[in-house]
Amino acid sequence: MLLLFPPGLDFVAAFFGCLYAGATAVPAYPPRPNRPQPRLRSIARDASPKVALANAALVAAREGLAAQVPELAGVAWLAADAVDPSAAGDWRPPELSPESLAFLQYTSGSTATPKGVMVSHGGLMANEELIRRAFGQSAESVIVGWLPLYHDMGLIGNVLQPLYAGGRCILMSPLAFLQRPARWLEAISRYRATTSGGPNFAYELCLKKASDERIAGLDLSSWTVAFNGAEPVRADTLDRFAARFAPCGFRREALFPCYGLAEATLFVTGGSPGAGPVVGSFAAGEIEQGRALEGGDRRLVSSGRAGAAHEVAIVDPETRERLDPGRIGEIWVAGPSVAAGYWNRQEATAESFAARTADGAGPFLRTGDLGFLRSGPLGAELFVTGRIKDLIIVRGRNHYPQDLELTAERSHPALRPGCGAAFSVERPAAWASGEIEERLVIVHELERGRQAEAEAAQEAIRSAIAEEHEVRVEDVVLIRVGTLPKTSSGKIQRRACRQLYLDGGLDVVLSSSPGGRAEAEPGETGSSAALIERAESGAEEGVLDRLRGLLAGLAEVGFPAAVRWPADRSLTALGL
């Protein structure tokens, strides 16, 4: 049953309604008028729902939605807020077992390869117990959350966990947080929250946007578990957040780095409440060689230890041999929280969920993440170092490269089908000197004889990616026909393409940073913050020039490049 509700209590009620009915819930964001719906279309295509559960307003507009999402044309629609309450007397408890399917948790953003993780009732309960123990949750716990309810951390961590532990839950919309991150901290202070968190970027947004005036009077002393997961946890972020909000009563010991993924329902490893983060310093050169030797300048944050009845193993992905502590390999996970597999994808399920080590131990879930174990006083600590899979994580959101590549190739006729690569690179972060963050790069072959359309194709790629996937492209690189690295069987070699990009080895027709700039121009201000300040102070003449200056700062390009932007150019075409 497809759930199409905006964030809020209606969604929560509909989700529990599916559980009470014994129906398989498929949470999805409701369609937005006059916007592409790649994620919803892919979910509907993959899950083949029989019923769409929504509010009366959306049900009334279902005929118009058919043009946007033709995959829902034959689905029966049910308005949850129009159901006769007297029908409750007809309810009968469904026949369920721990192996029964509770809901499908979609991991992809996706237009090409959506995957619905099959979460069982038993696996869900096992993971909630893991979280309860790791976070120290009880009936006295107060959880504040803004994370989307259509994803594992928001639904399982912020809605189901307080219900499981008997605690209290206060929800706010993701948009309310993004518009003004201080709202999150204000809610923690107001409701005396004990548990709250999000991806690393959420803490960075608070550091960047929460002014002294906004945080004056905040009391964060009740916050005992500030979990940080879903993307690489930065040691510098933890340090600066703890120092910045110490005057508000925040304690560094509350910081709680953790690791998890949808295929394991949610939570896999974490520390101990009140113990604070464990940070190690390692030799960067040795990390690249697969060895974690202490005593260098690369700071890595421990994601904690595996919970009860669960196992984390570090395995050589080629030989499938277990690796000793301090050796870097693929992170494999086993335990009752691991999901049953991917919906209607037997081959992918066998590959990811039924792995066995060289000595036959298993089955394990192959996460595709890289890491190592280090002995600690309470057990083996997991340190995540990177990924062997091509999954791209930008600000806590997963993006599958094949989906981004398909969107790019469809954006303009001058682009060769099946000849693009999407990958991420690390770049200096705008929010902290010396810190880095992941940025998206698209490399694509341009058809022969269409060089004159290169600039238009660049803008089309950037606009389509921003519109369909809501992520900004750092660089769009158009290359000559036949020069994209591929295997002998025609598969795209993304990592080889990434290395050529970093080494300057691509046969480039046109390369750009956001805004259409190929290289720095004379007279540009180097800092995006300085560009915004300059525009806000009125240093540019005229309203449009001041707006261009603001946008140039946000898009991280120089103002002279922005002067060429026509007034009717869309914000998504600028990568915003």
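**Strands, helices and rings: a quick chat**

Modeller: This is a predicted model. Let's start with S12 and strand S15 (residues 305-306), which pair in the antiparallel sense over 2 bridges.

Colleague: Which residue stands opposite Arg305 in S15?

Modeller: Gly270 does. Gly270 also stands opposite Cys258.

Colleague: What does S11 do with S12?

Modeller: Strand S11 covers residues 255-260, and strand S12 covers residues 267-270. They pair in the antiparallel sense over 3 bridges. Together they form a hairpin, with 6 residues between them.

Colleague: Which residue in the turn has a positive phi?

Modeller: Thr265, with a phi of about 75°.

Colleague: New topic, helices. At what angle do H9 and H11 pack?

Modeller: About 40°, with the axes 10 Å apart. H9 is residues 200-209 and H11 is residues 235-245.

Colleague: What do we call that arrangement of H9 and H11?

Modeller: Oblique. Angles under 35 degrees would count as roughly parallel, and 65 to 115 as roughly perpendicular.

Colleague: Left-handed or right-handed crossing?

Modeller: H9 passes H11 in a left-handed crossing.

Colleague: Which residues make the contact?

Modeller: From H9, they are Asn200, Tyr203, Glu204, Cys206 and Leu207. From H11, they are Thr237, Arg240, Phe241, Arg244 and Phe245.

Colleague: How many of those are nonpolar, polar and charged?

Modeller: The contact of H9 with H11 has 5 nonpolar, 2 polar and 3 charged residues.

Colleague: Back to strands. What is the order in the open sheet of 4 strands?

Modeller: S16-S17-S18-S19, with antiparallel pairing. Strand S16 (311-315) and strand S19 (379-387) stand at the edges.

Colleague: Why is one side of each edge strand left without a neighbour?

Modeller: Because S16 and S19 each have a single partner strand in the sheet.

Colleague: What about twist?

Modeller: It averages 50° from one strand to the next.

Colleague: How many bridges join S18 to S19?

Modeller: 8 bridges, and the two strands run antiparallel. S18 is residues 365-376.

Colleague: Last one, aromatics. How many pairs turn up in the whole structure?

Modeller: The search finds 26 aromatic pairs. Take the rings of Phe15 and Phe103: their centres are 5.4 Å apart and their planes are at 75°, so the pair is edge-to-face.

Colleague: Where do Phe15 and Phe103 lie?

Modeller: Phe15 is in helix H1 (residues 9-21), and Phe103 is in strand S5 (residues 101-106). So the pair ties together parts that are 88 residues apart in sequence.

Conventions. Residues numbered from 1 in each chain as written. Predicted model: local features only at pLDDT ≥ 70, side-chain atom pairs only at ≥ 80, totals over all residues. Heavy atoms only, no water. Pairing = 2+ DSSP bridges. Axes fitted to C-alpha atoms, helices over the stretch in contact; angles between N-to-C directions. Parallel < 35°, antiparallel > 145°, perpendicular 65-115°, else oblique. Left-handed = near helix turned anticlockwise from the far one by under 90°. Contact = heavy atoms within 4.5 Å. Nonpolar A, V, L, I, M, F, W, Y, C, P; charged D, E, K, R; others polar. Phe/Tyr/Trp six-rings, centres within 6.5 Å; stacked < 30°, edge-to-face > 60°.
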